[in-house]
Amino acid sequence: MGKSLTDDQVEFYRENGFCIAEGIIDNSLVEKARNVIDRLISSPEVGDVAELEPGDQTKARRIWSPTTRDEVFAQIAEDTRLLDAAAQLIGDDIVLQYSKLNVKPPHVGSVVEWHQDFSYYPHTNTDLLACLIYLDDATRENACLKVAAGSHRRGILSHDVDGFFGGKITSLADVGVDEATVVDCEGTAGTVVFLHPLAAHASARNTSDRYRRVFIPAYRSADALPIYYGPHAAHNEPTAKLVRGKPAMTARCESGVWRLPLAAAEFNSLYEIQEGSHLDADKTSTGYFSHEVKAASDEREASPAR
């Protein structure tokens, strides 16, 4: 196994909770991924494959599990150089936990409020890693990722709203994070941002005339196991896949107390709970994991009776 990250990049990740790298993903794969997304989001049935923007129901804001939709995303998620980098950060035994595409269309691209990924998916340890792969040039103008450097060393921060898990940090200052630590993670297409699960991060609304599409394969060390199987968290597990090394025979546990993501009502997506629409009595599916559920149902119906 090689090294895709320099020692300085690994040290920067340890100190700041993220690092930015170029030259890991081939430009040809980035171009193929963009072409697939263009096909998916231009379909009249876009609502069947994506969660739509509330402000424009013709535009997608998130496509769930892209690795199951086209081979190019599975190819990127299992790219040797990407897994080499992941191994440098979380160890040699790696599980692909989930994948998603954040589309951020021009003018209406939804806000992602400050949050820590680990708050949604608490595990026995924190060797989890999200890899945000920019498929377009990402700048402040089209809402690149923002990270509060060093916030991963503060443990789990409050994501509560009115006594329940609300999926967001309502104010960095209120949880003791200095806003001066916020870094805009700008990068050209193909850039990868490696993100610690406890690093507080966010992105603004895309008010530009350009897309800011990002493919996110998320990994975990094989010995990091989920400690909460609620309706939101559990849907990742049926498709979790060992992509490098050996399966774990033990669970490695870090000391600490993890707040469980117990919301006031069931929610399908980060957007839904951050916006508070999970509390609507007449809410409809956001497509966050309904496609996996439907696929499993279809498979059972197609299977011969035993």
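User: By class, how many nonpolar, polar and charged residues does the lining of the largest cavity have?
Analyst: This is a predicted model, and the largest cavity in it holds about 180 Å³ of space. Its lining is made up of 18 residues. Sorted by class, the lining of the largest cavity comes to 10 nonpolar, four polar and four charged residues.

User: Which residues of that lining lie nearest the centre of the largest cavity?
Analyst: Strands that each supply at least two residues of this lining are β4 (94-102), β5 (112-115), β6 (128-134), β12 (201-203) and β13 (214-221). Among the 18 lining residues, those nearest the centre of the largest cavity are N102, L132, L145, H201 and I216.

User: Which element gives the most to the lining of the second largest cavity?
Analyst: The second largest cavity, with a volume of about 80 Å³, is lined by 13 residues, of which Y98, D117, L128, L129 and P197 lie nearest its centre. Two or more lining residues come from each of β4, α5 (117-120), β6 and β13. With three residues, the element that gives the most to this lining is β6.

User: How many charged residues does the lining of the second largest cavity have?
Analyst: In the lining of the second largest cavity, 10 residues are nonpolar and two are polar. The number of charged residues in that lining is one.

Conventions: Residues numbered from 1 in each chain as written. Predicted model: local features only at pLDDT ≥ 70, side-chain atom pairs only at ≥ 80, totals over all residues. Heavy atoms only, no water. 1 Å grid on protein atoms, 1.4 Å probe; cavity = no way out; pocket = protein on both sides within 12 Å on 5 of 7 lines; lining within 4 Å. Points joined across faces, edges and corners; volume = space filled by probe spheres on them. Helix = DSSP H or I, 4+ residues; strand = E, 2+ residues; numbered from the N terminus. Nonpolar A, V, L, I, M, F, W, Y, C, P; charged D, E, K, R; others polar.
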